[in-house]
Amino acid sequence: MPIFTRADGRIDLKSLSLPEIEAALTGLGGERFRALQVYKWLWQRGVRSFDEMTNVAKAVRAKLEEHYYISFLEVVAVQKSIDGTHKFLWQTEDGHKIESVLIPDDERNTLCVSTQVGCAMACTFCLTGDLGLRRHLRPSEIANQPLQVREKLDATYRITNVVMMGMGEPLHNIDNLIPALEIYLGEQALNFSHRKVTVSTVGLVPQMQRLADALPVNVAVSLNATTEEQRRQVMPITRKYPMEELLAACRTLPLKATKRITFEYVMMAGFNDSMADAQRLAKLMRGIKSKVNLIPYNENPDRDIKRPPDAVVKAFQHHLVTHGIQASVRVTRGRDISAACGQLGKADPTKSTVEDEKIAAIRIRREGEGYDASRFAFDDIV
Ligand code: SAH
């Protein structure tokens, strides 16, 4: 795993894999088999200090402390939407703000996780793209999000599914993503089933292959268009990896027999919501084990893009379904707290203090659609 060293010279122990912790422990004169205990303390118990690792010899704990530290995200704010969606605003050690969103549903609670601060992909319709890429998140920062959400919320909100659909392009950060996913899937760590973890991408073709070779997680592709020209207009990455190449890669991706690739399709009125688009999309999906997730655009004051009327979305879905394509419509969640798709990072203009952050977040909500303070609770957990 990539090693992260803090200014004081100590290494982020949570960015080490289990074999690396074994090597570290033996290097410090500890017993190799204790590594598993340390790993569980970190990822299952979520300890914040070495002193809590009571079954590790005191001398070894002291040595660990000398060379390593246990990283955490600082909780800046937790907002709860009227629909039960929770948005977590975190601060990294170097002062960046990132977000995770927990979306409770009838039978599942999905956590939407960030993988970068900002994003370099510059999709024209997405607000996170406005930030540009500030930096990649480390494995520990990607994995601390579910760990710390688990700590904050009670059993009602037990995380059942994880989607890498927060800020950032996960596959642009694949060197940190794969070690992070190993922590997610590790039985001795976060212990999520690979069936419940989804990585969403704009379509970085070589990295999709690399991910599929490394781990059996689900893949979602943000397609959002039905012709090369149309996709190039809104997703600059299409210039590097044309849609044709992307779909060809999807056809041959080594998926488990039971898996399908999810294609996310953000519907923008008058742009990609015509029946001709529906027909082309159905054709593009031929020969791919796919399911399509239609996402009516979440309108916002920063873009002159409209969500298509429900009837248009329904007709589009109907065309796909009657042509043998599995297609669902994503229900918008957490819009009142700027937690919906494409809204993350919006409440993160470069501000210096936590107080400023809160004020900015409130201002942005006020400027947005009909802000009404009574509609959500603003729990401050600093
Ligand atoms: N970079 C990855 C992970 C982010 S997922 C990816 O693009 O797949 C975020 C999803 O939200 C993407 O499918 C994106 O197309 C969608 N999205 C962005 N802005 C949106 C908006 N305003 N309304 C609805 N969906 C949006």
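This is a predicted model: local features need pLDDT of at least 70, side-chain atom pairs count only at pLDDT 80 or more; totals for chains, interfaces and linings use all residues.
Visitor: Which residues of helix α3 are buried?
Guide: In α3, residues 58-67, the buried ones are Val-60, Arg-61 and Leu-64. They lie on the same side of α3, because they cover an arc of only 100° around the axis.

Visitor: Why would residues a few places apart point the same way?
Guide: An α-helix has 3.6 residues a turn, so positions three or four places apart point the same way.

Visitor: And what covers the buried residues of α3?
Guide: The cover includes α1 (18-27) and β2 (68-69).

Visitor: Which exposed residues does the face turned away carry?
Guide: On that face of α3 you'll find Lys-58, Ala-59 and Glu-66, which are exposed.

Visitor: Switching to strand β12, how many of its residues are buried?
Guide: Seven of the seven, residues 261-267, so β12 is largely enclosed by the rest of the structure.

Visitor: Which of them point which way from β12?
Guide: Ile-261, Phe-263, Tyr-265 and Met-267 point one way, while Thr-262, Glu-264 and Val-266 point the other way. In a regular strand, side chains alternate between the two faces of the sheet.

Visitor: In which sense does β12 pair with β11, parallel or antiparallel?
Guide: Parallel: β11 (residues 218-222) and β12 pair over three bridges. Ser-222 stands opposite Glu-264 there.

Visitor: How many bridges link β12 and β13?
Guide: Seven, again in the parallel sense, with β13 spanning residues 290-296.

Visitor: What unit do β12 and β13 make with helix α9?
Guide: Together with α9 (residues 275-284), they make a right-handed β-α-β unit.

Conventions:
Residues are numbered from 1 along each chain as its sequence is written. Side-chain values use heavy atoms; hydrogens and water are left out. Buried means under 20% relative accessible area, exposed over 50%, partly exposed in between (1.4 Å probe, protein chains only). Helices (H or I, at least four residues) and strands (E, at least two) are DSSP runs, numbered from the N terminus. The arc is that of the directions from the helix axis to the C-beta atoms. Contact means heavy atoms within 4.5 Å. Two strands pair if DSSP finds at least two bridges between them. A crossover is right-handed if, with the strands pointing away from the viewer, the path from the first strand over the helix to the second runs clockwise.
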